[in-house]
Amino acid sequence: MAAVSEIGKPSKELMGFAAYLHNPSKSGLRAREGVLNGRRVQYFKGRSALNALTRSEEGRPAKCESREEAVEWLQDLLDYQLIVRCDKDAQAASILRINPMQNFDEDTYFAWLYEGSQIMVILGGIGVVAVVLAGVMFPLWPSVLRNGTWYLSMLALGLLGLLFATAIVRLIIYIITVVSCPQGLWIFPNLFEDVGFFESFVPAYAWEVPKASNDAARVDGASSSNAEPKKTE
C-alpha cells in the first residue's frame with residue numbers, strides 16, 4: 001500500500017499506481033465516458049478495477065497479489081481524490097453524481113480526477129504560443145522566408161479556388177446535360193466521394209443512369225418473371 005506523505009500529498013508510489021491503472025494498455029481497465037458536474041470524465045466500475053489489478057496474463061503479472069491489497073490501493077486513490085465515487089443518474093446513464101460516501105465498493109462506479117501525464121498538453125500549449133509569436137513577428141522575418149510564405153499562401157489559395165471553380169463548372173455541365181439529354185454528365189464523378197486523392201479524379205467523366213429507367217426495368221423484369229407461361233395445346 002502507498003505510504004502517506006507528511007505534507008498531505010500523494011506519494012510517488014501512489015501516483016505511479018494511478019498512472020498504471022489509468023493506462024488501459026498496461027492495466028487492461030477500460031473506462032467509459034460520462035459527465036460529472038458539467039465536465040466530461042472517464043469512469044469505471046469498482047469490480048472491473050479489482051479484476052484488472054488481480055488478473056495476471058502471459059507476460060504481465062498481476063499488479064496486486066490479492067483483492068484485499070487492491071482494495072487498499074483503490075481506497076488510497078479515493079482518499080487523495082485521484083478518483084471519486086459516483087452514482088449514475090436514474091434518467092441519463094451518462095450523467096454522474098458524486099456519492100457522499102467516499103469508501104470503496106466494488107459494486108459502485110468511480111470517476112477519474114487524475115488526468116495522467118500533462119507533457120503532451122504542455123507541449124501543445126508551447127506549440128500554440130510559438131505559432132502565435134511567429135505570426136506576430138512576421139514583419140521581422142527575413143525577406144526570403146516572407147517571400148516563401150507569400151508564394152505558398154498564394155499557391156494554397158489558387159488550389160482552393162481551382163477546386164471551387166471545378167465544382168461550379170461540373171454542376172453547370174450536369175444541369176445542361178440533364179435538360180438537353182435524358183442522362184446527366186458528371187465531370188469527375190468521384191470528386192466529393194470518400195476515396196483517395198488520385199481516385200477523386202478517376203474517371204474523368206461518367207453519365208448518370210436515370211432512376212426512372214432503372215425502376216421501369218426492374219418492374220418489367222418482375223412482371224415478366226411473375227407472368228404465367230402460356231399453355232400450348
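At what angle do helix H3 (residues 46-54) and H4 pack, and how far apart are their axes? The legends below refer to a predicted model, and the first view gives the answer.

**View 1. Packing of helix H3 against helix H4.** H3, residues 46-54, packs on H4 at an angle of about 120°, and the two axes are 9 Å apart. H3 is therefore oblique to H4, since angles of 65 to 115 degrees count as roughly perpendicular and only those over 145 as roughly antiparallel. The crossing of H3 past H4 is right-handed. On the H3 side, the contact is made by Arg 47, Ala 49, Leu 50, Asn 51, Leu 53 and Thr 54; on the H4 side, by Arg 67, Ala 70, Val 71 and Leu 74. Sorted by class, the residues of this contact are six nonpolar, two polar and two charged.

**View 2. Packing of helix H1 against helix H4.** Helix H1 (residues 12-22) and helix H4 (residues 67-79) have axes 11 Å apart and pack at an angle of about 105°. The two helices are therefore roughly perpendicular to each other. H1 contributes Glu 13, Leu 14, Phe 17, Ala 18 and Leu 21, which meet Trp 73, Leu 74, Asp 76 and Leu 77 of H4. Seven residues of the contact of H1 with H4 are nonpolar, two are charged and none is polar.

View 3. Five strands form a closed barrel in the order E1-E2-E5-E3-E4, with mixed pairing. From one strand to the next, the twist averages 55°. H3 lies across strand E2 (39-45) and strand E5 (109-112), at about 65° to E2. H4 lies across E3 and E5 and runs at about 90° to E3.

**View 4. Pairing of strands E3 and E4.** Strand E3 (residues 83-88) pairs with strand E4 (residues 95-98) in the antiparallel sense, over three bridges. Strands of a sheet pair through backbone hydrogen bonds, in either a parallel or an antiparallel sense.

View 5. Lys 45 is located in strand E2. Its relative accessible area is 24%, so Lys 45 is partly exposed; buried would require a value under 20%. Apart from neighbours within four places in sequence, Lys 45 contacts Glu 106, Asp 107, Thr 108 and Tyr 109. Arg 32 is 13 residues from Lys 45 along the chain, and their C-alpha atoms are separated by 9.4 Å.

Definitions and conventions: Residues are numbered from 1 along each chain as its sequence is written. This is a predicted model: local features need pLDDT of at least 70, side-chain atom pairs count only at pLDDT 80 or more; totals for chains, interfaces and linings use all residues. Side-chain values use heavy atoms; hydrogens and water are left out. Axes are lines fitted to C-alpha atoms, for helices over the stretch in contact, and angles run from 0 to 180 degrees between N-to-C directions. Helices (H or I, at least four residues) and strands (E, at least two) are DSSP runs, numbered from the N terminus. Angles under 35 degrees count as roughly parallel, over 145 as roughly antiparallel, 65 to 115 as roughly perpendicular and the rest as oblique. Contact means heavy atoms within 4.5 Å. Ala, Val, Leu, Ile, Met, Phe, Trp, Tyr, Cys and Pro count as nonpolar, Asp, Glu, Lys and Arg as charged, and the others, Gly among them, as polar. A crossing is left-handed if the near helix is turned anticlockwise from the far one by less than a right angle, and right-handed if clockwise. Two strands pair if DSSP finds at least two bridges between them. Buried means under 20% relative accessible area, exposed over 50%, partly exposed in between (1.4 Å probe, protein chains only).
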